[in-house]
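Hi everyone, thanks for coming. Let me put the model up on the screen, and then we can walk through it together.

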Amino acid sequence: MQWAVEDINAAVGAGGRRLDPLVIDTQARPQTGVEVVTRMVSVERVPVIVIGWSAVIAASAPVANRSQTLMIPVGANSPRIAGMGDYVYTAYPLADVDVVVLARYARERLGKSRAAVLHLNDESGVYGARIFRERWEAMGGQIVAFESYEPNATDYTGAILKIRASNPDHVHLHGNAGDSPQAIQQLRQLGVRQPITSYSAAYNPAMVQRLGALADGLIVSSLAPGAAESPAVARYVQRWRTSQNREPNNLPATQYVHDTAYIIKALVERLDGSNRPLTGPNMRAALLEIGTFSLPLLGNLTINADHTVRSTVYLLEARGGQFRPLGAFT
Amino acid sequence: MTTALEVRGLTKRFGGIVVAESIAARFEAGRIVGLIGPNGAGKSSFFNLVTGVVPADAGAVLINGTDATRLPMHARARLGVARTWQHVRLFASLTVLENLMIAPRRYHAETPLALVAPGRHETERRLRERAMAQLEKVRMVDFAQRRPGELSFGKQRLISLARALMNDGNVLLLDEPMAGVEGPAYEAIKALVRAEAAGGRAVCIVEHNISFVRDLCDSALFMFQGRILRAGTVSELIASPELTELYFGT
Amino acid sequence: MLDPVILIQVLWTSVASASFQVLFTIAFALVLKVTGIWNFTQPALMGVAFYAMYVAVNWFALPLLLAVLAALAASAVLSAGIERIAFRALRRRAEEPITYFIFTLIFAQFVVFVLTLLFTPEPLYLLADMVPQIWLVGGVVVTSWDLIAIVLSAGMTAALWHWLRATRQGQFMIAVADNADLAEIYGIDKERSFLAAMLLAALFTTAGTYLFATKLALFPELPLHVMLFAVAATILGGIGSVFGAAAAAVAISVLQQFSVLVIASRWQPLVVFAILFIAIILFPNGVRWRGRQRIADGRHSEDGGAAAASSVTTQD
């Protein structure tokens, strides 16, 4: 996001205004998130907050709603985010968008019927895994194991052994960007060779390269066009390689985070253009008035009045140490 | 004659209870001294003060001329003080032989480097032989590989005596060595103690068995309420009506 | 019916996973045996060891072996400092056990707090590449990590056993563990044995941390959770029995992993809690495998003090 802010300010800013983000780490902890958001609305009096981590959003959404501060979740995909209040409008498609596509692909394209689910036991993992299960069973599939692990757990041996004992023909993983690579590695190390599907949190090119053939059969979803589809994304990835010596993990999520700065730019320009002060209620109103945003890395993004975002889902498969595109799905 | 152990003005109080009051005494190498007195006279407490189990409030303890008053227990042991206990105390987790092998004053293989030092095995062998020799003296060789907890009280007492003898210093404090001992072991222990004294140890024995003390000891000290009331031969002491009344309460 | 391959896999994986738990348990049980202290500073040792390794490898690009040695040095210094500065002071003041308990707990929390400030609560991986070699043996997955873990933990356990039984310092430690003051009377410097126990704890904790860190990620608070396993194993194996505790650690690990065949894996941590409660309430002296032994302080545990009056003969 800081890159986006720098680029915006280096041009003409947001309608002449300079964007000045206040960045505070919630440490992915709900309690810390509440404290941070409270400070932002009470002390700093910001009109809009961009925030990640489903559990943190769930905890701090009431603060935003009470203070009428626009809260824009990004990168978090718990389906409950759509119902977290009048002032919470996600800029990121929730799990019921891409997880459904993953379930359908595994069931219909790959012909799988016995799925094991391994999920992180938090807001995102619990509800994302539930969506997968509901869709899978609705399509006539069988859930043979439904195991979870705690946030910050690093040893998934027990859950994986249980999965292996259930003899699935497919595994769905719903973790986060931090634990998904380890979970995948441990799944393979404990002899689980079946295809693994996961949402974009498992998009980790470095891990796939490291695992090599062990990663083959990993299918991840992406909610944003890749470098092959978009020159802007290609330049963005190159910027990562130049400055960080690597590609970003969970590239699609970083694209959304980047482009959220442009959403805020559009809101500011809308309000300045109509001589309205930059308050939370006005920011919200501007969001709903604009609806569809033209963004550099995502293209057109529509934030619906029902607090959802729809998107094309791109599927990628790991083969020979690299992700290869499988296609775009809606 | 060499003074192996000397105490000067040794004093200790626990609140209002006096366990030692200005005790002064000398124990010569080669001599056996009996320490007699009624229960609660402070005899075992005297041993505790000499060995450092209990720190003295005042006074001095000199071991072979070295002021050991402020030294910790293990340092006094290394200066050459060995003792047995009224209630037998052996290391339950070690075998009888191991109990003896860790008891000498100077220990080999004390540092990690010594584990790989040349001659370590020879040193260990000699130590083992010495320990077996001590067990032989108390006729406990057959029990070398047993744990103390498997043996009778009397056997444990003999083993604890053998362990004390592993300290090749010249001060030996025996606290009621004959309690629960009778028969051939009785004479064996007497002979053993005499032999140790003849070998140059200063021996001090706390014992209620007056005939044992009279047979064995060159002299005796009479203790009462933390004080040494009188010194002399055992016969002289028990001939005193005053001391007899204090001892037996009649 | 369960596939035998699965059962063997669970058994193999649980034994391998037990390796670092065995080392942590031995460290904890040994200090308890020798010093009598429930050493809850051990999570601090684990944290310091891990982050020393992490810094050495990731900040200074040192080879892993040097990083482990650096970790060992750091944890040894910390352990020695705890013994010499804190425990010795508490002993000299003849403090109650509760004081030791409070101190060790607060110290561990303090170190966790400092490590969190320095390294954030994010789980960190020691190595960028932690993919071991994998073999399939009759359908059972065996990794190079498994083999290293089992060999290292078994080897260190055997070495400790030999050291305690066959070396003078080891026997001093056993004597001090039995009765520290009595050991002093016989010329054994108990403070030295206490220090040796703490240094050995640092060694075993570092080794366990190395195994843990070459498989899993670690964050500052994690050692506090790992500690519970060592406590449960120590109680179950019998307080004062280092190798009983090690065996209990293996047993608990196997039980915990096999439990997933009947319960959901998210309930696995409760297995350790359950064992801890059962051990405290039903087996406070550990699970006994032999008949009770007579106590070597002149008393017989079967006949009370009656033997004090028994006569001595030279033959049984």
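How many cavities of 30 Å³ or more are there? By the rule used here, the count comes to five. A cavity is a set of points, on a 1 Å grid over the protein atoms alone, where a 1.4 Å probe fits but cannot get out, and its lining residues have an atom within 4 Å of a point. Grid points are joined across faces, edges and corners, and the volume is the space filled by probe spheres set on the points.

Please keep in mind that this is a predicted model, where local features need pLDDT of at least 70 and side-chain atom pairs count only at pLDDT 80 or more, while totals for chains, interfaces and linings use all residues. Residues are numbered from 1 along each chain as its sequence is written, chains are lettered from A and ligands numbered from 1 in the order in which they are written, and side-chain values use heavy atoms, with hydrogens and water left out.

Now, the largest cavity has a volume of about 150 Å³. Its lining has 15 residues, and nearest its centre lie Gln189(A), Leu190(A), Thr143(C), Asp146(C) and Lys215(C). Which element gives the most to this lining? That is α7(A), with three residues. Helices here are DSSP runs of H or I, at least four residues, and strands are runs of E, at least two, numbered from the N terminus. By class, the lining has five nonpolar, eight polar and two charged residues; Ala, Val, Leu, Ile, Met, Phe, Trp, Tyr, Cys and Pro count as nonpolar, Asp, Glu, Lys and Arg as charged, and the others, Gly among them, as polar.

The second largest cavity, at about 60 Å³, has a lining that includes Trp85(B), Arg157(B) and Pro177(B). Helix α5 of chain B, residues 153-166, gives the most there, with four residues.

On to where chain A meets chain C. The contact (heavy atoms within 4.5 Å) takes 27 residues from chain A and 34 from chain C. About 2,500 Å² is buried between these chains, and carbon and sulfur atoms give 57% of that; buried area is the accessible area (1.4 Å probe) that two parts lose on being put together, summed over both. In chain A, Thr154(A), Arg164(A) and Gln189(A) lose the most area to chain C, together 23% of what that side buries.

How values were computed:
On a 1 Å grid over the protein atoms alone, a cavity is a set of points where a 1.4 Å probe fits but cannot get out, and a pocket is an open set with protein on both sides within 12 Å along at least five of seven lines; lining residues have an atom within 4 Å of a point.
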